[in-house]
Amino acid sequence: MASCRDVRNIGLFRFGRAALAVGRISVDYKYSVSHLTDNSEETLEAWSKCHKRSAAKLLDLCCKNGGVFIKVGQHIAALEYLVPQEYVDVLSVLHNRAPRSNLGDIKKIIREECGRNFDEIFQDFESEPLGAASLAQVYKAKLLETGETVAVKVQHPNVRKHSLVDMATMDILFHAVSTVFPDFNFKWLANETRRNLPLELDFVNEGKNAESMAQILSDYPWLKIPRICWPLTSTRLLVMEYKSGEVISNRDYMVKNKIDLVELVSRIEKIYSEMIFISGTVHCDPHPGNILINKTPGGSHNFDVILLDHGLFTVSSSFFESI
């Protein structure tokens with residue numbers, strides 16, 4: 001018999017939960033503020049409160065449905081130039097509040113993907129993940145055969161199963177909302193997510209992208225891209241060389257280690273200029289958690305830039321069309 005948790009996560013319930021949330025948001029806007037068109041302080045305050053209520057409902061939906069919904073919520077939180085600031089403020093917590101899978105489920109996936117018992121692969125495996133994202137989470141481990149320290153990226157158990165239903169749900173709901181509110185023009189977000197999600201769910205594709213980027217940017221000795229351990233990598237499991245570092249947004253780390261910030265900005269510019277204008281292949285997820293800095297012995301120019309998460313690439317022509 002399915003558990004209560006399982007029942008609440010089948011497609012029908014997930015669709016109903018999303019439809020209810022979007023319906024409540026639409027009704028709130030229609031009856032609370034749609035008739036308010038002036039720029040008075042009272043009107044602006046009413047719109048702001050409605051934005052906050054709606055963003056809170058959307059956050060609750062993302063957290064309950066997880067997976068693709070977390071991904072889309074994170075995208076919305078990054079659209080400061082398109083959505084009301086209230087949505088950015090409320091949904092930005094999703095960058096640090098992605099759901100976590102329990103270690104038992106993680107070990108089960110590793111066994112299924114490798115065809116071997118967990119203890120036959122790792123001599124050490126930290127129980128606490130290094131990070132959890134919308135589609136997967138990453139652990140630090142040590143291989144039994146070689147003793148090499150690796151990062152192990154494991155897909156959440158139900159993400160692939162729910163992805164098709166979730167994308168169909170978003171298509172239906174975005175279309176319905178855009179019909180009621182013609183100014184709502186975010187169907188493109190559902191289209192982009194539907195096109196890119198299969199690529200992001202294929203860790204073999206991510207491994208190949210990482211190797212391609214390492215080759216493209218091989219002229220920069222300070223740029224480090226983790227080497228892929230192919231014998232242990234599959235669609236749902238990615239094992240790679242472990243690279244330590246601090247996120248690029250950690251200014252305290254930069255100051256403490258006397259890292260030249262001008263040089264750091266110059267290196268990031270070189271990386272992305274090379275991608276866009278020379279190779280035509282662009283890493284599409286450059287948020288702070290995917291760019292690490294590691295101080296090396298020497299002066300302020302002695303540090304490595306580590307580029308992670310190569311699940312989604314595009315060619316520069318598509319990149320320019322999207323901006």
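Val247 stands opposite Leu292 in β9. The two strands concerned, β7 and β9 (residues 291-295), pair in the antiparallel sense over two bridges. The model is a predicted one. The points below cover the sheet, a helix pair, aromatic rings, charges over rings, and some single residues.

**Sheet**

- Four strands make up an open sheet with mixed pairing, in the order β5-β10-β9-β7.
- The edges are taken by β5 (223-224) and β7 (246-247); each has a single partner strand, so one side of each lacks a neighbour in the sheet.
- Helix α11 packs on this sheet and touches β5, β9 and β10. The direction of α11 makes about 40° with that of β10.
- Strands of a sheet pair through backbone hydrogen bonds, in either a parallel or an antiparallel manner.

**Helices α3 and α4**

- Helix α3 spans residues 41-65 and helix α4 spans residues 68-77. They pack at an angle of about 145°, and their axes are 8 Å apart.
- On the α3 side the contact consists of Leu58, Leu61, Cys62, Cys63 and Asn65. These meet Phe69, Ile70, Gly73 and Ile76 in α4.
- Sorted by class, this contact of α3 with α4 holds seven nonpolar residues, two polar ones and no charged ones.

**Aromatic pairs**

- Six aromatic pairs are found in a search of the whole structure.
- One of these pairs joins Phe118 and Phe125 in an edge-to-face arrangement, at 4.9 Å centre to centre and with 70° between the planes. The pair counts as edge-to-face because the angle between its planes is over 60 degrees.
- Phe118 has a relative accessible area of 9% and is therefore buried, the limit being under 20%. Phe125 is likewise buried, with a relative accessible area of 12%.
- Tyr220 and Trp222 form a tilted pair, 5.1 Å centre to centre, with 35° between the planes. Both Tyr220 and Trp222 are buried.
- Ring pairs also link Phe118, Phe122, Phe125 and Tyr139 into a cluster.

**Charges over rings**

- Lys107 places its charged end over the ring of Phe118, 4.9 Å from the ring centre.

**Positive phi outside glycine**

- Lys258 is not a glycine, yet its phi is positive, at about 55°. Lys258 lies in the loop between α10 (251-256) and α11 (261-279).
- Lys258 has a relative accessibility of 68% and so counts as exposed, the limit being over 50%.
- Asp309 has a phi near 55°, again a positive value in a residue other than glycine. Asp309 is in the loop between β10 (303-307) and β11 (313-315).
- Asp309 counts as partly exposed, because its relative accessibility of 24% falls between the limits of 20% and 50%.

**Gln215**

- Gln215 belongs to helix α9 (residues 203-216). Its relative accessible area is 59%, so Gln215 is exposed.
- Between Gln215 and Lys295 there are 80 residues of separation in sequence and 23 Å in space, taken C-alpha to C-alpha.

Key:
Residues numbered from 1 in each chain as written. Predicted model: local features only at pLDDT ≥ 70, side-chain atom pairs only at ≥ 80, totals over all residues. Heavy atoms only, no water. Axes fitted to C-alpha atoms, helices over the stretch in contact; angles between N-to-C directions. Contact = heavy atoms within 4.5 Å. Nonpolar A, V, L, I, M, F, W, Y, C, P; charged D, E, K, R; others polar. Buried < 20%, exposed > 50% of the residue type's maximum accessible area, 1.4 Å probe, protein only. Phe/Tyr/Trp six-rings, centres within 6.5 Å; stacked < 30°, edge-to-face > 60°. Lys NZ or Arg CZ within 6 Å of the ring centre and 35° of its normal. Pairing = 2+ DSSP bridges.
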